[in-house]
Amino acid sequence: MKTSSLKMHHTGLLQWQSYRTLKTFHDPILTKYHITRTEWKLLGIVSAEGELRVTEIAKKLDVRIPLVTRMVKTLLQKETITINLHPRDKRVKCINITANGKKRLAQIEKDIQKNLEVLLRGIPSKKIEVY
C-alpha cells in the first residue's frame with residue numbers, strides 16, 4: 001500500500017498499533033529496571049540535551065510540572081539524576097543525569113534494541129523505511 005493512498009484514520013490506526021506493539025516490548029524491560037516510560041524519556045532527554053530546567057523537561061515531555069517534580073524525586077532516590085540550583089536564580093532547579101543514570105540508560109537502550117531486532121525480524125526493510 002502506498003503511503004500517499006493512506007487515509008488519515010489508517011495512519012492513526014497504524015501509529016496506535018505500532019505504539020501498542022512497542023509498549024508491549026518496552027514495558028517488561030523498563031519494569032526490570034524499576035523505571036516508568038516517562039522516567040525513561042526524562043533520562044533520555046537530559047542525557048541528550050544536558051542540564052535542563054524542570055519547566056523545560058515538562059514542555060519536552062508534554063506533561064505538567066507537578067509530574068516532572070514527582071519523577072525528579074523518584075529519580076533522585078535512584079541516584080540517576082542530580083539537582084543544581086540555577087546560578088542566577090536560586091528558585092530554579094536544573095536537572096542533570098548522573099554517571100549511574102547514564103549507565104542505567106545505556107543498559108535499558110541495549111535491552112530494548114535487542115528486543116526491537118526480534119520484533120522487526122521478518123519485516124522487509126522496505127516496509128520499515130516506508131513507515
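Modeller: Accessible areas here come from the Shrake-Rupley method with a 1.4 Å probe, and for residues only the protein chains shown count as cover. By that method the accessible surface of the chain comes to about 9,400 Å², of which 55% belongs to carbon and sulfur atoms. This is a predicted model, in which local features need pLDDT of at least 70, side-chain atom pairs count only at pLDDT 80 or more, and totals for chains, interfaces and linings use all residues. Residues are numbered from 1 along each chain as its sequence is written, and side-chain values use heavy atoms, with hydrogens and water left out.

Biologist: Why is Thr80 called buried?

Modeller: Buried means under 20% relative accessible area, exposed over 50%, and partly exposed in between (1.4 Å probe, protein chains only). Thr80 has 0% relative accessibility, so Thr80 counts as buried.

Biologist: What makes Asp27 and Arg37 a salt bridge?

Modeller: The term requires a side-chain nitrogen of Lys or Arg within 4 Å of a carboxyl oxygen of Asp or Glu. For Asp27 and Arg37 the distance from N to O is 2.9 Å, and their side chains therefore meet in a salt bridge. Asp27 lies in helix α1 and Arg37 in helix α2, so the pair ties together parts that are ten residues apart in sequence.

Biologist: Why is Asp111 called buried, and how is Lys114 classed?

Modeller: Asp111 has a relative accessible area of 12%, and is therefore buried. Lys114, at 47% relative accessibility, counts as partly exposed. Salt bridges that share partners join Lys32, Asp111 and Lys114 into one network.

How values were computed. Helices (H or I, at least four residues) and strands (E, at least two) are DSSP runs, numbered from the N terminus.
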